[in-house]
Amino acid sequence: MTTNYGIVLVTAGSQTEAEAIAFALVEAKLAACVSLSPIRSIYTWSDEVCSDEEWQLTIKTDLTQFEALEAKIRQLHSYEVPEIIALPIVAGSLPYLQWIGQTVNSHSLN
Amino acid sequence: MTTNYGIVLVTAGSQTEAEAIAFALVEAKLAACVSLSPIRSIYTWSDEVCSDEEWQLTIKTDLTQFEALEAKIRQLHSYEVPEIIALPIVAGSLPYLQWIGQTVNSHSLN
Amino acid sequence: MTTNYGIVLVTAGSQTEAEAIAFALVEAKLAACVSLSPIRSIYTWSDEVCSDEEWQLTIKTDLTQFEALEAKIRQLHSYEVPEIIALPIVAGSLPYLQWIGQTVNSHSLN
């Protein structure tokens, strides 16, 4: 089972930044839907273990648009190396997948 | 690496609806476990950008049961086109995967 | 599209346990980043439907280290059968993927 669709995970440093990126991606039709939720992130940076409040963006999109999506996120994001990782949708409700396709692919016609 | 198992993502319009769907799927043994968390969703609908409070369901299941799972969700869900998307589990702790298999596959014997 | 990288999902029974496991995985360089968020889990156990508050760990790592990661989690976790499931990252921002690789693979040199 496989589809062209996927979810892309991005973290942002604040709710304001997360919402700004989410609205920009949806308005640019690079994402059909973006869900936001608060998280705490624990990670290594310059060999130090850090713990920060962040916001998780879960972006539902067509992965054939991944390069354009990544470029837009890196243009908007305040981090030097933002998390931008894609997981594959291997099955889905047909009307929902068609909705993602119609929404996001109309981007490539702009 | 690959398995028959996966997680299925669904969003619902309220905590009440999310819990009702989650309990129904677990009781019907179509899901071994469903986790729930509040999210904000930003999306396009009829060419308008919308922003709503929703609840995310993360359903741990056997993807060979996806059609039965989808049918049950669409029967219960208030949305016309609910998000129902499956991501593949490619590796996992054997006892946990066996637990998913024993729990969900006993559904197909009912 | 495919990479060696992935996200590993684990649930824990409390914030304290979730943070302890997250810090241990990052300090051991078995994970580049772990995000934490509160969830409610509905599941079957000994044929009873249960509903508990839990914490979701979303671990960003190199899946070639999955066995070492699983062993460490099972050593630390209070559950007999903890959720430890891996989803594949099929595409990602190159600097971010390189950061995961540099962080986690330095584990295998220890």
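Modeller: Start at A:Ile85, whose bridge partner in S5 of chain C is C:Gly92. This is a predicted model. The bridge belongs to a strand pairing: strand S4 of chain A, residues 84–88, runs antiparallel to S5 of chain C, over 2 bridges.

Now widen the view to the whole contact between these two chains. Here 28 residues of chain C are in contact with 25 residues of chain A. Together the two chains bury about 2,100 Å², and carbon and sulfur atoms give 68% of that area. On the chain C side, three residues supply more than any other three: C:Phe23, C:Ser93 and C:Tyr96, with 22% of the area that chain C buries against chain A.

The rule finds 2 salt bridges across the interface of chain C and chain A. One of them joins A:Glu83 to C:Lys60, with the closest N and O atoms 2.6 Å apart. There are also 10 residue pairs in polar contact between chain C and chain A, counting pairs with both residues at pLDDT 80 or more.

Which elements of chain C each supply at least two residues to the side that touches chain A? They are helix H1 (15–27), strand S2 (33–45), strand S4 (84–88), strand S5 (91–92) and helix H3 (94–105). Of these, H3 of chain C gives the most, with 6 residues. Sort that side of chain C by class, and you find 19 nonpolar, 5 polar and 4 charged residues.

Next, turn to chain B. Chain A meets this neighbour with another strand. Strand S5 of chain A, residues 91–92, pairs with S4 of chain B in the antiparallel sense, over 2 bridges. Look at A:Ala91: its bridge partner in S4 of chain B is B:Ala86.

Take the whole contact again. In this one, 25 residues of chain B are in contact with 28 residues of chain A. The area buried between chain B and chain A is about 2,100 Å², with 68% from carbon and sulfur atoms. In chain B, the residues that lose the most area to chain A are B:Ile42, B:Thr44 and B:Ile85, together 27% of what that side buries.

The count of salt bridges between chain B and chain A is 2. In one of them, B:Asp47 is joined to A:Lys29, and the closest N and O atoms are 3.1 Å apart. Polar contacts between chain B and chain A come to 10 residue pairs, both residues at pLDDT 80 or more.

Four elements of chain B give two or more residues to the side that touches chain A: strand S2 (33–45), strand S3 (48–62), helix H2 (66–76) and strand S4 (84–88). S2 of chain B gives the most, with 8 residues. By class, this side of chain B divides into 16 nonpolar, 4 polar and 5 charged residues.

How do the surfaces of chain C and chain A compare? Only 7% of the interface residues of chain C are also interface residues in chain A, so the copies meet through different surfaces.

Last, consider how the copies are placed.

Methods. Residues are numbered from 1 along each chain as its sequence is written. Chains are lettered from A and ligands numbered from 1 in the order in which they are written. This is a predicted model: local features need pLDDT of at least 70, side-chain atom pairs count only at pLDDT 80 or more; totals for chains, interfaces and linings use all residues. Side-chain values use heavy atoms; hydrogens and water are left out. Contact means heavy atoms within 4.5 Å. Buried area is the accessible area (1.4 Å probe) that two parts lose on being put together, summed over both. A salt bridge is a side-chain nitrogen of Lys or Arg within 4 Å of a carboxyl oxygen of Asp or Glu. A polar contact is a pair of N or O atoms within 3.5 Å; within protein, one must be able to donate a hydrogen and the other to accept it, and residues adjacent in sequence count only if both atoms are side-chain atoms. Ala, Val, Leu, Ile, Met, Phe, Trp, Tyr, Cys and Pro count as nonpolar, Asp, Glu, Lys and Arg as charged, and the others, Gly among them, as polar. Two strands pair if DSSP finds at least two bridges between them.
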